[in-house]
Amino acid sequence: MKFSVLTLFPEMLSALGESIIGRAINKGIIETEYINIRDFSKDKHRRVDDYPYGAGGGMVMQPQPIYDAYKSVAGENKPHVIYMSPQGATLTQNKAKELAKYEHLVILCGHYEGVDERILEEIVDEEISIGDYVLTGGELPAMVVIDCVSRMIEGVLDSEETASVESHYNGLLEYPQYTRPPEFMGREVPEILLSGHHANIEKWRREQSILRTAKKRPDLIEKADLTEKEKVWLENELKGNG
């Protein structure tokens, strides 16, 4: 899969060359390129913004440099284009799975007061937000999208199982994790995890995942696919825990 990021600050994306995503890039599983929009400015000072029509504060990114930057990576088959915007739909795990099906994603990073509306109408397929807050630019959100989507691509993680048990993958938060030592600061690893009984361990993990989601993210538990037996168990647990 290929990610092309249209940005004013390509150096900010360098962190993607580290850790799991960096290894996936080195293996050729995913491909990333960061296109500096300023390189396509026709202004001698490489200016890419101007005052908004109708007055108002701030500056707006001009359509021409963005469009030319986009055309430099688009190729014959139109890629799926995302504009990182606080006005977009919030990124979710399901959206990441959906985006992972594309062969080529182009991500446009805005700055200042945003971009000329005409560029959104011309090339953008959807707007995505990573939360209800405003950031300086779209580079950090773009990195979040690339990281999140890349983990859905076969071969990026060590195994399919690794992704399938993580928080949000199946609509639930992940169960508690423990490692050595078996006792720390008077707190012991749950005995069941030391039992070696895999069926009981999986049952415990499923129950802990459900309970944790109900306590931390009740909005998610309402949508979770629980059996009737699990619903009764959860109700009793929540009552018992006051």
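How many bridges join strand 5 to strand 6? Five, and the two strands run parallel. Before you select anything else, a word on what you're looking at: this is a predicted model, where local features need pLDDT of at least 70, side-chain atom pairs count only at pLDDT 80 or more, and totals for chains, interfaces and linings use all residues. Residues are numbered from 1 along each chain as its sequence is written, and side-chain values use heavy atoms, with hydrogens and water left out.

**Stop 1: the sheet**

Helices (H or I, at least four residues) and strands (E, at least two) are DSSP runs, numbered from the N terminus. Two strands pair if DSSP finds at least two bridges between them. With that in hand, colour the open sheet of five strands, whose order is 2-1-6-5-7 with parallel pairing. Strand 2 (31-36) and strand 7 (126-129) stand at the edges with a single partner strand each, so one side of each is left without a neighbour in the sheet. On average, neighbouring strands here are turned by 35 degrees against each other, direction ignored; axes are lines fitted to C-alpha atoms, for helices over the stretch in contact, and angles run from 0 to 180 degrees between N-to-C directions.

Now select residues 2-7, which make up strand 1: six bridges join this strand to strand 2, and the two run parallel. To see one of the pairings, show Phe3 and its bridge partner in strand 2, Thr32.

Next, bring up helix 2 (residues 63-74). Helix 2 packs on the sheet, touching strand 1, strand 2, strand 5 (80-90) and strand 6 (104-109), where a contact means heavy atoms within 4.5 Å. The direction of helix 2 makes about 160 degrees with that of strand 1.

**Stop 2: strand 5 and its two partners**

Trace the chain from strand 5 through helix 3 (residues 93-99) to strand 6, and you've followed a right-handed β-α-β crossover. Right-handed here means that, with the strands pointing away from the viewer, the path from the first strand over the helix to the second runs clockwise.

Strand 5 is also joined to strand 7, by five bridges, and these two run parallel as well. Show Met84 and you'll find Ile128 of strand 7 opposite.

Then pick Ser85, also in strand 5. Is Ser85 buried or exposed? Buried, at a relative accessible area of 7% (buried means under 20%, exposed over 50%, partly exposed in between, with a 1.4 Å probe and protein chains only). The side chain of Ser85 makes a polar contact of 3.2 Å with that of Glu127. A polar contact is a pair of N or O atoms within 3.5 Å; within protein, one must be able to donate a hydrogen and the other to accept it, and residues adjacent in sequence count only if both atoms are side-chain atoms.

**Stop 3: Thr7**

Select Thr7, in strand 1. Thr7 is buried, with a relative accessible area of 0%. A polar atom of the Thr7 side chain lies 2.8 Å from the backbone nitrogen of Phe9. Not counting residues up to four places away in sequence, Thr7 touches residues including Leu13, Ile35, Cys109 and Glu139.

**Stop 4: a pair of rings**

Which rings sit 6.3 Å apart, centre to centre? Those of Tyr67 and Tyr70, with their planes at 45 degrees, so the pair is tilted. Rings of Phe, Tyr and Trp (its six-membered ring) pair if their centres lie within 6.5 Å; planes under 30 degrees apart count as stacked, over 60 as edge-to-face and the rest as tilted. The two tyrosines are three residues apart in helix 2, separated by about one helical turn. Tyr67 is partly exposed at 31% relative accessible area, while Tyr70 counts as buried at 6%.

Most residues other than glycine have a negative phi, and most peptide bonds are trans. Select Ser19 in helix 1 (residues 19-27): its phi is positive, about 55 degrees, and Ser19 is exposed at 52%. Met185, in the loop between strand 8 and strand 9 (187-188), has a positive phi near 55 degrees and is exposed at 69%. Finish at Arg180 and Pro181, joined by a cis peptide bond with omega of about 5 degrees. Pro181 lies in the loop between helix 6 (160-164) and strand 8 (183-184).
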